[in-house]
Every structure is written in C-alpha cells, then in structure tokens.
Amino acid sequence: MATRLEYEYIVLGLGGFGSAAAYWLSRRAGADVLGLEQFELGHVRGESQDHSRIIRLSYHTPAYVELAKHAYRAWAELENDSGEQVVLKTGGLDFAPRVSAIPLSSYSGSMDAADVHYEALDAAEIMRRWPQFHLSEDIHGLFQPESGIAMAARANATHQRMAREHGATLLDRTPIENIHPANGEIHIRAGGSTYSSRKLIIAAGSWSNRALAPFGIQLPLRVTQEQVTYFATSRPADFQPDRFPIWIWMDDPCFYGLPIFGETGPKVGQHEGGQEVTADTRTFEPDRAALGRVQAFLAKYIPAALGPIIYTKSCLYTLTPDRDFVLDILPGHPNAVIAIGGGHGFKFASLIGRTLSELAIDGTTERNLDPFHIDRPVLHRPRRRDA
C-alpha cells in the first residue's frame, strides 16, 4: 500500500498501454505518477500479455503506417533507456488470394503513400524464399523487412521497471472501488485507500466502460475472447526468427502467425475468431472450433508448422465498431484521458503511452488523433448486437 495519497497523475490499468503511460509520464513527472492495477502485474486476464505480438509498418491506411513509424521510434527510445531489447525484426509477409476480402492493394497503396519500402511477391517467389509455405498460383504477397515481434511480456515489464526507476509508484492487486471526479480533481477509491490526482489516464481495456461510467460516458464496445496456439513442429529449425517471417493471411477468415519465440514452436491464431464475452464472463478454455479453423489453415498452407499442441492461450479484444483506436481527452472532463486499442494496439503501445502522457501533461500532442476521437459519430450510434 502506498503511504502517499495525492499525485499529479494516476494511471488506471497497467497492461500494455497503462504500463507505457506510467513510464512516459514518469520520465517527465517522476514521483508524481501512480499506477493502479486490479490484478497482479503481468496477469493473463486482459489483452497484452504473452511472449509476442506482431509489429509492422504494413497497414491499410497511410495514417496507420505513419503512426507505426512513430511506434518504432518510441520502442527504440525505451530500448535505449532500459538497455533491454523489446523488438525483434523478422520481416513480415502479408499474403492472400488475388481476389480476397482484404485487398493487398490497400496495404501497398498505404506504404507507397508513406514512402515505406516493400516487395510484391508471387506464390513461386514466396515459396522459393520460404519453402515452409505451400501456395497455389493465385496467391500473392507483400514482404516488408521491418516487421517482426514486439516482445509483449518483456516490454510490459520493462515499461514498469523503468517507470519505477524514474520515480513512479505502481500498485498491483489494487482493485478500483470508486471513481469520483470533483472540483478539478479525480478521487479514486482502490484497495481500501482513496487516492486523488489532477489528471487520470484510463487504460482499462475490457473494463473501459466501467471506468467511463462515472464520467457519464458509455461506448459501443464489443469484447471477444480470442486465442493463439503454439504448435510443436517437427521442424523447429525452419521456424526460427532468422528463417521465417511473421505472416498475416489477408482474407476472411484472417489468420496470423509468428516464428518460434518464447516457446518451442510457432504461434498461430485467427484474428477476430472468438466469441463475444465480458471481462467477467470470459473463460480460459480453448475454443475448439476456432482451433480447428487454425489447424485446417496450417494443414493447407504451412503444413510443417503443425504438430502436437504445446498450449492454447486466450486473451481479450476490446473492439470499437470501426476497429480504430480511442485516444482522446474525455469530453467535458479535460483532466481525464483514455486509450482503447481496438484489437490491434499492442504494436503501438509505447507510442500510445507517450501520447497519453503528452495529453495529460500538455493537453495536446503533435500526432494527428482526429481518427481516434471519442466523439466520432460511430461511437455514438446504438450498437448492433451482431456487429
């Protein structure tokens, strides 16, 4: 328990975004930063744990490509400050049928607009470079060499360690009981104590609407339970990070995978393949249907990756209707800031933490947050239950 009860800045939630926010705040505000986490640090109930996440410059709009450039710089600053590597470049392959639900042209066009180098590859060239793939002639791909692995668990722990080194106080196992904005301050009852701050940063993931309720805000968020599986391939040498890229199958359903990192086999999952849940009703049981879809995909296109299951691990996605982030100051509450990742945010975590710190300290940031405003129209329409 912290003996100090008053802080300039309180961060609510210490997953990927919150840990990053605590770190970047502490670089400027030192001991005036308090981070609160309802579970233990590094817990697996949220969205941003596990060994690895994909990081890439390949994105469907130029705005996201430009944001990704800044994300790489933020991770590099963390690495320089901490002496800890948190990004491993493997190269990345986006591939799909030439007629697909997710056209590769939007990705190549966005990278062209943002002056990002990539290669367009046909199926034969993909298989020449990586014989692990078994592809038909109608498949093509884009290879971007800067893509790779954001080391999720290590990055979170590094943000937390460095936040503390810069003076921040981080408390875990401190569940929030009440949030009360009043008289230009925000009072938080948590873990049996009441803390007050001048600014609040909400990085609560699937608990976001619960944290927003005291401010009179509710968003049409959809929470899903997703999963990844590690497979004990019989050919582990072929799936090492220096021999195999991260990859994304750009069609519906969409699959993705990473080379061996953190476990003894590659990691594969279906993007948005899970069932709708809440943070309270989610389970940790594997979804057999989703696992079957992953196994069928691998059997067809990357058969050597298949093997006995090492384990299947679940996480949560907190999805906005348009899948874009929420990154903004709360309307009517200039002393509260929020970030929601939309199911694809971890690669941007350090940058988003930095941006949250700028919004909290300066009230502004040099990055263009127009697409991520909390008052954009799609966030104020009644949610369709099948959306």
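**Salt bridges**

A: The structure, a predicted model, holds 27 salt bridges.

One of them pairs R198 with E8, with 2.5 Å between the closest N and O atoms. This pair connects distant parts of the chain: R198 belongs to strand β12 (residues 193-202) and E8 to strand β1 (residues 6-12), 190 residues apart. R198 has a relative accessible area of 34% and is therefore partly exposed. E8 is also partly exposed, because its relative accessible area is 28%.

A second salt bridge lies within a single helix. The side chains of E125 and R128 meet at 2.8 Å, N to O. Both residues are in helix α4 (residues 123-129), and because they are three residues apart, about one helical turn separates them. R128 has 59% relative accessibility, so R128 counts as exposed.

R243 and D238 form another side-chain salt bridge, with an N to O distance of 3.5 Å. R243 is partly exposed at 46% relative accessibility, whereas D238, at 13%, counts as buried. Elsewhere, salt bridges with shared partners join R27, E77, D81, R354, E358, E366 and R367 into one network.

S108 is part of helix α3 (residues 104-113), and a polar atom of the S108 side chain lies 3.1 Å from the backbone oxygen of S105. With 15% relative accessibility, below the 20% cut-off, S108 counts as buried. Beyond its neighbours within four places in sequence, S108 is in contact with Y118 and L142.

How values were computed:
Residues are numbered from 1 along each chain as its sequence is written. This is a predicted model: local features need pLDDT of at least 70, side-chain atom pairs count only at pLDDT 80 or more; totals for chains, interfaces and linings use all residues. Side-chain values use heavy atoms; hydrogens and water are left out. Helices (H or I, at least four residues) and strands (E, at least two) are DSSP runs, numbered from the N terminus. Buried means under 20% relative accessible area, exposed over 50%, partly exposed in between (1.4 Å probe, protein chains only). A polar contact is a pair of N or O atoms within 3.5 Å; within protein, one must be able to donate a hydrogen and the other to accept it, and residues adjacent in sequence count only if both atoms are side-chain atoms. Contact means heavy atoms within 4.5 Å. A salt bridge is a side-chain nitrogen of Lys or Arg within 4 Å of a carboxyl oxygen of Asp or Glu.
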